[in-house]
Amino acid sequence: MSLPSIQDATHDYESWLGARMPLVADDLRFKHRLMRAATFPFMRGTFYRWCQRWQTLRPGDHDDGGDGEPAVPVLAVGDLHVENFGTWRDSDGRLIWGINDLDEAARLPWTQDVVRLICSAFLAVDADHLVIRRGEAADAIFEGYRDGIASGGRPFVLEEDNAWLRRLATSEMRAPAAFWRKTEALPTARHPDPKVVAVLTAALPHPTQRLRIARRVAGVGSLGRPRFVAIARCRGGAVAREAKATAPSAVLWARGRTVGRGTVVAIERVNAEAVRAPDPMMKVVGPWLVRRLAPHCTRISLEDLPVQRDEERLLYAMGFETANIHLGTPETGPRIARQLRRRRGRWLRATAKAFAAAVAQDFAAFRAHA
């Protein structure tokens, strides 16, 4: 199966997405600039291309369980990478760490999330965002995933346990004062849709004063989708809620499938059913994904991490958290564990290496036609 050029794939996907929501042209142009800047942001912004590559590049050993058995399908993250992790507060106010972006959730072979996470680590290593060798990164993620599946999973609650991870998540780079300065500086939205204003207002605590609806530009993969933030004062302090437009997963685009509410249902199911303490403030309201924005209730970028950190331990935790997500699909743990035991050699590292090379090839082609 021959693939279209990366330019044609990008145009086709964005046309498909634009038929389902009013895209923000300035944000989309900014996304393209980020995609031309370096390979790692290019990968983050092109999950649609990854879905195409998956259908053509996967080797036979990658597509099955080592004995001809297809890789177990799970409710997966889809657009998984090393900057798709963050923190939130659970219903008891505890600080939780884990995967916090589920925009592209879909039913996929368990291998796809793991390969993509390792591939993103390879690209982060190549860009000096991670100071670790590729092989060490792959081994740490795989071992974390394997141990997570074998143990039945475990939420990352940053209270009595996981003190090392709590130090990373609450570093000075994520200080509350800096967070609120950045949030208050967001530009006020011009003529926001009254429906999204109503959704955001309903999500805020009460009573509130000085309510303002702002625009927010964040992430890479979701750039171009409408995104609004309600900022207000409540009982002596600032509060904020974000609403981001939902869309069908790019998995469906790549497969040429008819789209419905599958991705929306997948987001809600992953948040509720994975082995973790769910974010009670994450809700899908009509076409909007609503969540709380607050210090330590956001994504953690690699730039936010302190210089002194145990990267091997962090990548192990990322692999383990990926298993937490997959274990939310009933009766899959023992089957995945069996497939992990049957696999031999460095098939996972080799597959991620092949995908990293494909991403680099697409990146060069995309930048050449700027």
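Student: How many aromatic pairs are there by the distance rule?

Tutor: The count comes to 17 aromatic pairs, in what is a predicted model. Phe85 and Trp97 form one of them.

Student: What makes the pair of Phe85 and Trp97 stacked?

Tutor: Two values decide it. The ring centres are 5.2 Å apart, and centres within 6.5 Å make a pair. The planes of Phe85 and Trp97 are at 15°, and planes under 30 degrees apart count as stacked.

Student: Why does this pair tie together separate parts of the sequence?

Tutor: Phe85 belongs to strand 2 (residues 85-89) and Trp97 to strand 3 (residues 95-99), so the pair links parts that are twelve residues apart in sequence.

Student: Why are helix 7 and helix 13 called oblique?

Tutor: The axes of helix 7 (residues 134-151) and helix 13 (residues 311-326) cross at roughly 40° and come within 7 Å. Roughly parallel needs an angle under 35 degrees, and roughly perpendicular starts at 65. Helix 7 and helix 13 are therefore oblique to each other. Their crossing is right-handed.

Student: Which residues make that contact, and how do they divide by class?

Tutor: Helix 7 contributes residues including Ala137, Ile141, Tyr145 and Ile149, while those of helix 13 include Leu315, Tyr316, Phe320 and Ala323. The contact of helix 7 with helix 13 has nine nonpolar, six polar and three charged residues. Gly144 and Gly148 of helix 7 are among the contact residues, and Gly counts as polar here.

Student: Why are helix 2 and helix 15 also described by their angle as oblique?

Tutor: Helix 2 (residues 25-37) and helix 15 (residues 347-368) pack at about 125°, with axes 9 Å apart. The perpendicular class ends at 115, and roughly antiparallel needs over 145. Helix 2 and helix 15 are therefore oblique to each other. Helix 2 passes helix 15 in a left-handed crossing.

Student: Which residues bring helix 2 and helix 15 into contact?

Tutor: His32, Met35, Arg36 and Ala37 of helix 2 meet Phe363, Phe366 and Arg367 of helix 15. By class, this contact of helix 2 with helix 15 has four nonpolar, one polar and two charged residues.

Student: At what angle do helix 1 and helix 4 pack?

Tutor: Helix 1 (residues 6-18) and helix 4 (residues 47-57) pack at about 120°, with their axes 10 Å apart. Helix 1 passes helix 4 in a right-handed crossing. Ile6, Ala9, Thr10 and Tyr13 of helix 1 make the contact with Tyr48, Arg49 and Gln52 of helix 4.

Student: What is the strand order in the sheet of five strands?

Tutor: The order is 6-7-8-10-9, in an open sheet with antiparallel pairing. Its edge strands are strand 6 (209-215) and strand 9 (283-285), each pairing on one side only. Neighbouring strands of this sheet are turned by 25° against each other on average, direction ignored.

Student: How do you know that strand 9 pairs with strand 10?

Tutor: The requirement is at least two bridges, and strand 9 and strand 10 (residues 288-293) have three, in the antiparallel sense. Lys283 stands opposite Val290 in strand 10.

Student: Which helices lie across this sheet's strands?

Tutor: Helix 9 (residues 176-184) lies across strand 6, strand 7, strand 8 and strand 10, at about 60° to strand 8. Helix 10 (residues 194-203) lies across strand 6, strand 7, strand 8, strand 9 and strand 10, at about 140° to strand 8.

Student: What makes the peptide bond from His206 to Pro207 cis?

Tutor: Its omega is near 0°. Pro207 is in the loop between helix 10 and strand 6.

Conventions:
Residues numbered from 1 in each chain as written. Predicted model: local features only at pLDDT ≥ 70, side-chain atom pairs only at ≥ 80, totals over all residues. Heavy atoms only, no water. Helix = DSSP H or I, 4+ residues; strand = E, 2+ residues; numbered from the N terminus. Axes fitted to C-alpha atoms, helices over the stretch in contact; angles between N-to-C directions. Contact = heavy atoms within 4.5 Å. Left-handed = near helix turned anticlockwise from the far one by under 90°. Phe/Tyr/Trp six-rings, centres within 6.5 Å; stacked < 30°, edge-to-face > 60°.
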